[in-house]
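Please look through the sequence and the model first.

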Amino acid sequence: MAKISKKKGNKIKKFFLIVFLILTLVLSVILLNGYNMCKEATTKVSIDDKIKEIRNNANFINIDKVSRYYLDATIAVEDHRFYKHFGVDPIATINALFDNILSGEFVGRGGSSITQQLAKNMYFSQEKKFSRKVAELFVAFQLEQKLTKQEILELYINIIYFGNGYYGIRQASLGYYDKTPLELTFDEALLIAGLPSAPSVYSPTVNEKLSKERKEQVRKAMIKHGYIEKSND
């Protein structure tokens with residue numbers, strides 16, 4: 001019996017060793033592909049040139065000309081540890097990884113920091129592949145080394161898509177409310193801050209009910225992370 005148990009134990013050890021080696025190989029391939037994707041993209045157009053391109057856009061707006069309500073709402077709902085992490089939020093990434101494992105596929109659910117989202121919008125498609133996600137990480141690390149948090153946030157709000165053909169907070173603010181980003185009310189800022197996660201779903205011109213529900217989610221995120229009091233309307 002002791003010999004049989006020992007044989008079973010050795011088989012189990014071999015099995016886990018094989019699984020570990022396979023996972024290590026797969027991870028290495030994904031990392032290499034992601035690095036190559038990042039290198040190819042940033043060699044074709046450097047990060048510095050991409051930044052200049054965003055800043056030279058006619059609709060670019062400085063962060064000090066944007067509603068504080070909107071900026072706080074964006075950080076609260078998109079990346080509440082933005083000022084504390086190094087470009088990647090490990091906690092959010094792990095949570096998203098578990099979601100992907102439980103769903104049995106890479107659904108791209110959550111986990112991306114504001115810096116990662118900026119990297120994706122600067123260089124990559126919305127294609128949900130692990131190698132693209134890794135490439136995004138490499139660019140995000142470089143952005144964090146080159147720029148301050150305020151500069152990253154400023155670029156982010158000027159490049160993301162808000163639905164209805166509006167790119168950047170200036171177009172979104174003028175398009176939805178005929179106001180400059182600095183003139184947005186609290187409610188207007190919350191609604192716009194909730195759009196980038198799914199513009200085709202939450203746009204008020206597409207589904208007003210879902211848009212209001214999303215705005216309420218943003219408000220709750222602001223309460224949860226200490227940006228507003230519960231009584232704030």
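Is Asp 72 buried or exposed? With a relative accessibility of 16%, Asp 72 is buried, the term buried standing for under 20% relative accessible area, exposed for over 50% and partly exposed for what lies in between (1.4 Å probe, protein chains only).

The model is predicted, so local features need pLDDT of at least 70 and side-chain atom pairs count only at pLDDT 80 or more, while totals for chains, interfaces and linings use all residues. Residues are numbered from 1 along each chain as its sequence is written, and side-chain values use heavy atoms, with hydrogens and water left out.

**Salt bridges**

There are 10 salt bridges in the structure, a salt bridge being a side-chain nitrogen of Lys or Arg within 4 Å of a carboxyl oxygen of Asp or Glu. The table lists some of them, including the pair formed by Asp 72.

| Asp 72 | Arg 68 | 3.1 Å |

Asp 72 and Arg 68 are about one helical turn apart, because 4 residues separate them in helix H3 (residues 68-78); helices are DSSP runs of H or I with at least four residues, numbered from the N terminus. Arg 68 is partly exposed, at 46% relative accessible area.

In the second pair, Asp 89 is buried at 5% relative accessibility, whereas Arg 81 is partly exposed at 22%.

Arg 132 and Glu 136 also sit 4 residues apart, about one turn, within helix H6 (residues 130-146). Both Arg 132 and Glu 136 are buried. Through salt bridges with shared partners, Arg 132, Lys 133 and Glu 136 form one network.

Arg 214 belongs to helix H11 (residues 208-224). Its side chain lies 2.9 Å from the backbone oxygen of Gly 194. Another partner is Gln 217, whose side chain makes a polar contact of 3.0 Å with that of Arg 214. A polar contact is a pair of N or O atoms within 3.5 Å; within protein, one must be able to donate a hydrogen and the other to accept it, and residues adjacent in sequence count only if both atoms are side-chain atoms.

Leaving aside residues up to four places away in sequence, Arg 214 touches Val 77, Glu 78, Gly 194, Ser 197 and Tyr 202, where contact means heavy atoms within 4.5 Å.

Note on methods. Helix = DSSP H or I, 4+ residues; strand = E, 2+ residues; numbered from the N terminus.
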